[in-house]
Amino acid sequence: MYVSDSRILRSRRTISMRVLALSAAALMSAFPLAGCTTANTGNTGNASGSQGHVTGSNGVTRFAKAERSTAPQLSGGTVDGETLDTSTLKGKVIVLNVWGSSCPPCRSEAEYFAKVSKELESAGQPVAFVGINTRDNSKQNATEFEKNFGITYPSLFDPAGELILRFPKGAVNPQAIPSTIVIDKDGKIAARVLAPIKDTTLLEMINPILAEQ
């Protein structure tokens, strides 16, 4: 049976398009969506641009005091309708947690942040917990999240992740939530982790910074 050249060409184009579609689907499945992800907990860059850092087996990266970079000033509206400016927290250790209400790892660690923040506040420690709520288009979801997990400290509302992008390169991965950064009393980045953590790890991040003179 005779088959015209045009039919052969059309057939080949159809097969090529199907192969490309299958290849694209395979690539998409190989990479996580740019939403909630636990990320690689290893070092993904130094916030100070130098080598003065150590990443422990728990995924926490600590920066030597002489090698720390200054954390950006963060200000804006909060989830509960108030305003917050981190410059007013000078002299305190700041624990900054990046989270989203639809993120399962964020939910798994939320109870520990609520617990530790209340314990340190009751003990009169100079620590301020601040959240950055991202990827929530509605404050309602964020407020329900805080209510459900008993979180009493403020969270800046940052749906587009603009505040996160103010941090030095390597300090935070804007594609990975949750992330936690501990800022020392001089306003410099002292430790960070790009994964969900429990209360023990959180205290291991905070206590050495509190003890610094």
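In this predicted model, the side chains of Arg68 and Asp184 form a salt bridge with an N to O distance of 2.9 Å, a salt bridge being a side-chain nitrogen of Lys or Arg within 4 Å of a carboxyl oxygen of Asp or Glu. The two partners come from distant parts of the chain, 116 residues apart: Arg68 sits in the loop between strand S2 (61-63) and strand S3 (75-77), and Asp184 in the loop between strand S8 (179-183) and strand S9 (189-193). Helices (H or I, at least four residues) and strands (E, at least two) are DSSP runs, numbered from the N terminus.

Glu212 is partly exposed, at 22% relative accessibility.

The structure holds 3 salt bridges, and one of them joins Asp199 and Lys115 at 2.8 Å, N to O. Asp199 is in helix H4 and Lys115 in helix H2, so parts 84 residues apart in sequence are tied together. Asp199 counts as buried at 15% relative accessibility, whereas Lys115, at 39%, is partly exposed.

We can turn next to the nonpolar interior. A nonpolar core is taken as a set of buried Ala, Val, Leu, Ile, Met, Phe, Trp, Tyr and Cys residues joined through side-chain atoms within 4.5 Å. The largest such core has 50 residues, of which Val127, Phe129, Phe167, Leu202 and Ile206 touch the most other members. S5, H2, strand S6 (127-133), helix H3 (139-149), S8, S9 and H4 each supply at least two residues of this core. Beyond its neighbours within four places in sequence, Leu202 is in contact (heavy atoms within 4.5 Å) with Val95, Tyr112, Phe113, Val116, Phe129, Thr180 and Ile197.

One cavity of 30 Å³ or more was found. On a 1 Å grid over the protein atoms alone, a cavity is a set of points where a 1.4 Å probe fits but cannot get out, and lining residues have an atom within 4 Å of a point. The volume of the largest cavity is about 30 Å³, and Asn97, Trp99, Cys106, Glu109, Ala110, Phe113, Phe145, Ile151 and Tyr153 line it. Strand S5 (93-99) and helix H2 (104-122) are the elements giving two or more residues to this lining, with H2 providing the largest share, 4 residues.

For the chain as a whole, there are 4 helices and 9 strands, following the pattern α-β-β-β-β-β-α-β-α-β-β-β-α along the sequence. Of the 213 residues, 42% are buried. Among contacts with a separation of 6 or more, 69% are between residues 24 or more positions apart.

Residues are numbered from 1 along each chain as its sequence is written, and side-chain values use heavy atoms, with hydrogens and water left out. Local features need pLDDT of at least 70 and side-chain atom pairs count only at pLDDT 80 or more, while totals for chains, interfaces and linings use all residues.

Notes:
On a 1 Å grid over the protein atoms alone, a cavity is a set of points where a 1.4 Å probe fits but cannot get out, and a pocket is an open set with protein on both sides within 12 Å along at least five of seven lines; lining residues have an atom within 4 Å of a point. Grid points are joined across faces, edges and corners, and a volume is the space filled by probe spheres set on the points. Buried means under 20% relative accessible area, exposed over 50%, partly exposed in between (1.4 Å probe, protein chains only).
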